[in-house]
Amino acid sequence: MDVILAVVDPWLDEHADVVREALAPLATFGGWARTTYEFGDPLETAYALSRVNDALIYTFQPPLPADAETPWAHDIHHPERWPPVTPDQYLAAFARLGMAPIGDVAYEPFFHEVVHVAESEAPGAPVEITGTVWPGLMLGEMLFSRTGVTVRAGAQHLVAGVADRSPLFDVFMRRYRETSDESMGWGSNSQWRTDFRRDYVTDDAFHFDVDEEFDSSRDQFGEPRKLTPAERSDLVRHRCLTRPLQDPDAWETACPGGRLTVRRA
């Protein structure tokens, strides 16, 4: 079955204008904030669309490693049955919702999700993109979906088996690794009250997780995290661990949380 012709295009023919209008306020950094709650507001609409995105990019990805446990999201969705789409079909579908491809840019965790790491012999070797697994998308200044990439890097930056295998946060589902987002563990109705995580790029900075009310150095109860400042920054920027933690016991607080602004070079 051609899922684009049979499912996606007919849905877009009926709903694209409404969804594009609903998402438009999110496109500019600082352009929208929730003042009163309404079900299906822009953050919830963006989250629901991100679940469609997860389905459409699934078949681009490598399979789950043989030694990995089956993630919860796989158990409830049976994703191995999903039909494939082409990159051109995928980009064309989201263009109808006002989104544009990230394109060919140098490695930056804001724009790129690491699918596989080949470690360089030199520990300090910078991260170099070696291949694109699926294309990424922007809605104006807001990141919608990062580009999936394979990379080569020194272990001072990314460690194979950690940066490409540790749980990926603020993402519902990936074929190749475990994921976790705020919808997990809720009933089917409550999942659709999950907010989309918003990251923005402006001329002078990357702005991560802008709707959080606490900074990334502390947890939601205001307690200091047991991570180093570099580990906290990496976890928010990459949405996963990139290297083994200096303190293995710090894993209990090793989840992203809190706003982070990183100035652009």
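Arginine 174 and aspartate 54 are both buried, where buried means under 20% relative accessible area, exposed means over 50%, and partly exposed is in between, using a 1.4 Å probe and protein chains only. The side chains of arginine 174 and aspartate 54 meet in a salt bridge of 2.9 Å, N to O; a salt bridge is a side-chain nitrogen of Lys or Arg within 4 Å of a carboxyl oxygen of Asp or Glu. Arginine 174 sits in the loop between strand 7 (168-169) and strand 8 (179-180) while aspartate 54 belongs to helix 2, so the pair ties together parts that are 120 residues apart in sequence. Helices (H or I, at least four residues) and strands (E, at least two) are DSSP runs, numbered from the N terminus.

Before going on, keep in mind that this is a predicted model: local features need pLDDT of at least 70, side-chain atom pairs count only at pLDDT 80 or more, and totals for chains, interfaces and linings use all residues. Residues are numbered from 1 along each chain as its sequence is written, and side-chain values use heavy atoms, with hydrogens and water left out.

Now let us follow helix 2 itself. Helix 2 has 16 residues and reaches 22 Å from its first C-alpha to its last, close to the 22 Å expected at 1.5 Å a residue; the expected span is 1.5 Å times one less than the number of residues. At its start, a side-chain oxygen of aspartate 41 comes to within 3.1 Å of the backbone nitrogen of leucine 43.

Phenylalanine 39 lies in the loop between helix 1 (3-23) and helix 2 (42-57). Why does phenylalanine 39 count as exposed? Because its relative accessibility is 58%. Together, Tyr37, Phe39 and Trp192 make a nonpolar surface patch of about 340 Å². Patches are made of residues with over 30% relative accessible area and no salt bridge, with like charges joined within 9 Å and nonpolar side chains (Val, Leu, Ile, Met, Phe, Trp, Tyr) within 5 Å. Accessible areas come from the Shrake-Rupley method with a 1.4 Å probe, and for residues only the protein chains shown count as cover.

Let us return to the salt bridges, whose count comes to 16. In one of them, the side chains of arginine 263 and aspartate 204 meet at 3.3 Å, N to O. This pair links distant parts of the chain, 59 residues apart: arginine 263 is in strand 11 (residues 260-263), and aspartate 204 is in the loop between strand 9 (200-201) and strand 10 (205-208). Arginine 263 is exposed, with a relative accessible area of 58%, and aspartate 204 is partly exposed at 44%.

Aspartate 234 and arginine 237 both lie in helix 6 (residues 229-238), three residues apart, which is about one turn of the helix. Their side chains meet at 3.2 Å, N to O, and both residues are buried. Helix 6 is mostly covered, with seven of its 10 residues buried. Those buried residues pack against strand 7, strand 10 and strand 11, where contact means heavy atoms within 4.5 Å. After helix 6 comes arginine 239, whose phi is positive, near 70 degrees.

Arginine 239 also has a part in a network of salt bridges that links Asp170, Arg197, Asp199 and Arg239. Where does aspartate 199 lie? Aspartate 199 is in the loop between helix 5 (188-191) and strand 9, and at 2% relative accessibility it counts as buried. A polar contact of 3.0 Å joins the side chains of aspartate 199 and arginine 197; a polar contact is a pair of N or O atoms within 3.5 Å, and within protein one must be able to donate a hydrogen and the other to accept it, while residues adjacent in sequence count only if both atoms are side-chain atoms.

Finally, visit strand 6 (residues 147-153), where alanine 153 is found. Alanine 153 is buried, with a relative accessible area of 0%.
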